[in-house]
Amino acid sequence: MKIFSPLQFRRKEKKVEVTTIIQNDALIIRLEGEVLDAGNSAEFKEKIQPLLHNRSQVAFDFGKVRFIDSSGCGALISCLRKVNADDGKMVFFNVNRQVQTLFELIRMHKIIEIHETREDALAGLNA
Amino acid sequence: MDDLKTGFSAPHARIIIQSTYTELGRVRDFVRDFCAPFVPRRFSETKIEKLVIAANEVTVNIIQHGYSGEGHHHIWISAKDEGHSVVIAFVDHGGKPFDPESVPDPHPGQIGGYGIDIIKQCVDIAEYLPMDNSRTMTRLVVFSKNSG
């Protein structure tokens, strides 16, 4: 039997880092961290919500994200509500298989377009 | 080896975590590492990844609801290979009985309340068992491909 104490594996806080790019009038937000979970979803909302102010086209790039939980999804849905409230449109792209699994479990695809590439996402924003 | 914390009596792996969200990565790694030898012969990669997702959500629920977000408590997590299944058990001392059936099904677009629904979708059995001394055990079970 293997027993690990809390002290052996103490992890650092997962800080939320994002890169923003403006392309074709759309705001592209690339998540630089591998995880969006209950440990950093509050910080994510705090950091992202101001970026969405008066943005009518927003695309999230999940290329580096390896895991999202329900709290992370809740933070993303908050962002979606803000963009929708401003009559904007928000899409996702570059989603890996594990993240896609979670999105399917909470039926995220029913409320937001999920594209494979940045080009597809930009086209989706203008559709 | 008898283990009073989990009720398990066979060899298994165990971790003890603090009731903070920064421990979630350890929980996911623990489940992935324990199950890795069984993929792909007994379990598909997707089935184990769903077990990881469920274990993450159980831990969040214990921290958030069982311990009301207080970070100074502990959660005992055990993994056991039963041959035809893998069982992940969580024990907390929150002392708050929980009826998963009382949680309404979420609808797409709501901000929270997905945890229990995700757990139900990800594992074959999810059980919430009150124990003595304010302890609660949450058990997640996934069956092997050849378990019949």
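Which side chain of opposite charge is nearest to Asp92(B), and how far away is it? I started my notes there.

**Ground rules.** I am working on a predicted model, where local features need pLDDT of at least 70, side-chain atom pairs count only at pLDDT 80 or more, and totals for chains, interfaces and linings use all residues. Residues are numbered from 1 along each chain as its sequence is written, chains are lettered from A and ligands numbered from 1 in the order in which they are written, and side-chain values use heavy atoms, with hydrogens and water left out.

**Entry 1: Asp92(B).** I found Asp92(B) in strand 3 (residues 85–92) of chain B. Strands are DSSP runs of E, at least two residues, and helices are runs of H or I, at least four, both numbered from the N terminus. Asp92(B) is buried and has no salt bridge. The nearest side chain of opposite charge is Lys96(B), 8.8 Å away. Buried means under 20% relative accessible area (1.4 Å probe, protein chains only). A salt bridge needs a side-chain nitrogen of Lys or Arg within 4 Å of a carboxyl oxygen of Asp or Glu. For charge, Lys and Arg count as positive, Asp and Glu as negative; His and the chain ends are not counted.

I then looked for its other partners. The side chain of Asp92(B) reaches the backbone nitrogen of Gly94(B) at 2.8 Å. Leaving out residues up to four places away in sequence, Asp92(B) touches Ile62(B), Tyr67(B), His74(B), Ser134(B), Arg135(B) and Thr136(B). Contact here means heavy atoms within 4.5 Å.

**Entry 2: the A–B interface.** I counted 32 residues from chain A and 38 residues from chain B in the contact. The buried area is about 3100 Å², with 58% from carbon and sulfur atoms. That area is the accessible area (1.4 Å probe) lost when the two parts are put together, summed over both. Three salt bridges link chain A and chain B. I looked up one between Arg107(A) and Asp117(B), at 3.9 Å, N to O.

On the chain A side, strand 1 (2–4), helix 2 (70–85) and helix 3 (97–105) each supply at least two residues. Helix 2 of chain A gives the largest share, six residues.

**Entry 3: chain A.** I listed four helices and eight strands in chain A. Their order along the sequence is β-β-β-β-α-β-β-α-β-α-β-α. Of the 127 residues in chain A, 45% are buried. Among contacts in chain A between residues at least 6 apart in sequence, 70% join residues at least 24 apart.

Note on methods: Buried < 20%, exposed > 50% of the residue type's maximum accessible area, 1.4 Å probe, protein only. Polar contact = N/O pair within 3.5 Å; in protein donor to acceptor, adjacent residues only side chain to side chain.
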